[in-house]
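Work through the following exercises with the model at hand, trying each task before reading its solution.

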Amino acid sequence: MQKWIMSGIVAIACVFAIVLMFTLPGKEQVAEQEKPTMPQVTMDAAAAEATMKAQSCISCHGDQLQGGVGPNLQKIGSQLSAEEIYTIITKGKGGMPSFKDKLKSEEIANVAEWLAAKK
């Protein structure tokens with residue numbers, strides 16, 4: 001009798017797992033849903049530098065963006081687009097914290113445009 005009950009529980013668990021596999025969103029779909037939309041801004045280099053200093057970005061990325069605790073950003077524009085940089089600043093990545101609650105989206109977009117121009 002117990003063998004039949006255990007077999008039934010295992011069968012139900014397998015069916016449930018298969019249903020979840022086909023109904024839950026994939027990793028790519030979740031990433032797209034969470035991707036923030038970058039607002040259009042006119043780049044202001046002085047404001048971007050001031051934001052970097054005010055938010056202590058230089059403590060990790062260096063006063064010349066040469067890197068240190070954080071990566072070197074001197075030529076980040078040749079590796080990442082402004083939208084990709086905007087997403088990283090907004091959401092954070094690795095040891096870098098999210099700035100979505102500390103900065104306005106326009107300020108983040110301005111910094112992203114300024115960094116994307118560094119090639």
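**Exercise 1.** Locate Leu 65 relative to the helices, and decide whether Leu 65 is buried or exposed.

Solution. Leu 65 sits in the loop between α4 and α5, where helices are DSSP runs of H or I with at least four residues, strands are E runs of at least two, and both are numbered from the N terminus. The model is predicted, so that local features need pLDDT of at least 70 and side-chain atom pairs count only at pLDDT 80 or more, while totals for chains, interfaces and linings use all residues. Residues are numbered from 1 along each chain as its sequence is written, and side-chain values use heavy atoms, with hydrogens and water left out. The phi of Leu 65 is near 60°, a positive value in a residue other than glycine. With a relative accessibility of 7%, Leu 65 counts as buried (under 20% relative accessible area; exposed is over 50% and partly exposed in between, with a 1.4 Å probe and protein chains only).

**Exercise 2.** Describe how α5 and α6 are arranged.

Solution. The two axes come within 8 Å and cross at roughly 130°, the axes being lines fitted to C-alpha atoms over the stretch in contact, with angles from 0 to 180 degrees between N-to-C directions. The helices α5 and α6 are therefore oblique to each other, given that angles under 35 degrees count as roughly parallel, over 145 as roughly antiparallel, 65 to 115 as roughly perpendicular and the rest as oblique. On the α5 side, the contact (heavy atoms within 4.5 Å) is made by Ala 82, Ile 85, Tyr 86, Ile 89 and Thr 90. Just after α5, Gly 92 adopts a positive phi of about 85°.

**Exercise 3.** Which residues have the most contacts inside the largest nonpolar core, and which elements supply it?

Solution. That core (buried Ala, Val, Leu, Ile, Met, Phe, Trp, Tyr and Cys residues joined through side-chain atoms within 4.5 Å) has 20 residues, and those with the most contacts inside it are Met 52, Ile 85, Ile 89 and Leu 115. Two or more residues come from each of α3 (45–54), α5 (82–91) and α6 (105–116), and α6 gives the most, with 7 residues. Leaving out residues up to four places away in sequence, Leu 115 touches Leu 65, Leu 73, Ile 76, Gly 77, Ile 85 and Ile 89.
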